[in-house]
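Me: Please show me how to read this model, one feature at a time.

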Amino acid sequence: MPDMDTEKLLGDRRVVEEIQRHLWIQSEKVGFDVGFENAKLDWLKNFSKAWMEYHMPEELLKAKKAAAVKALAPESEQEKAKKDKAAPVKRRRAKSYFA
């Protein structure tokens, strides 16, 4: 998925129509209703970037620029603390001479 806000993208009526079309196609392929949520996730993963490049190139460019600026910005102390807490600690086990 591109770096655009998913909720903003789903707010576009055209996107919802595309997902509905995708839902119908996927359901026909497998022979049962795959559900809107599954169709939405699949469409966002596989087709949203191409759709955005064709239908809203300006928005995609803005999102890419915003992501680049965010990547270059220094991390706040809170973000650093969250990363430090989330990182798993690797521990080595001592060798046993009795096993």
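**Contacts, burial and a helix face**

Me: With which side chain does the side chain of Lys40 make a polar contact?

Reply: A polar contact is a pair of N or O atoms within 3.5 Å; within protein, one must be able to donate a hydrogen and the other to accept it, and residues adjacent in sequence count only if both atoms are side-chain atoms. Here the partner of Lys40 is the side chain of Glu37, at 3.2 Å. The model is predicted: local features need pLDDT of at least 70 and side-chain atom pairs pLDDT 80 or more, while totals for chains, interfaces and linings use all residues. Residues are numbered from 1 along each chain as its sequence is written, and side-chain values use heavy atoms, without hydrogens or water.

Me: Is Lys40 buried or exposed?

Reply: Buried means under 20% relative accessible area, exposed over 50%, and partly exposed in between (1.4 Å probe, protein chains only). Lys40 has 15%, so it counts as buried. Its place is in helix α3, residues 36-46; a helix is a DSSP run of H or I, at least four residues, numbered from the N terminus.

Me: Which residues does Leu23 touch, leaving out those up to four places away in sequence?

Reply: Touching, or contact, means heavy atoms within 4.5 Å. Leu23 touches Asp33, Val34, Gly35, Phe36 and Ala39.

Me: Which residues of helix α4 are buried?

Reply: In α4 (residues 48-55) they are Ser48, Trp51 and Met52. Seen down the axis, they fall within an arc of 95 degrees, so they line one face of the helix. The arc uses directions from the helix axis to the C-beta atoms.

Note on methods
Helix = DSSP H or I, 4+ residues; strand = E, 2+ residues; numbered from the N terminus.
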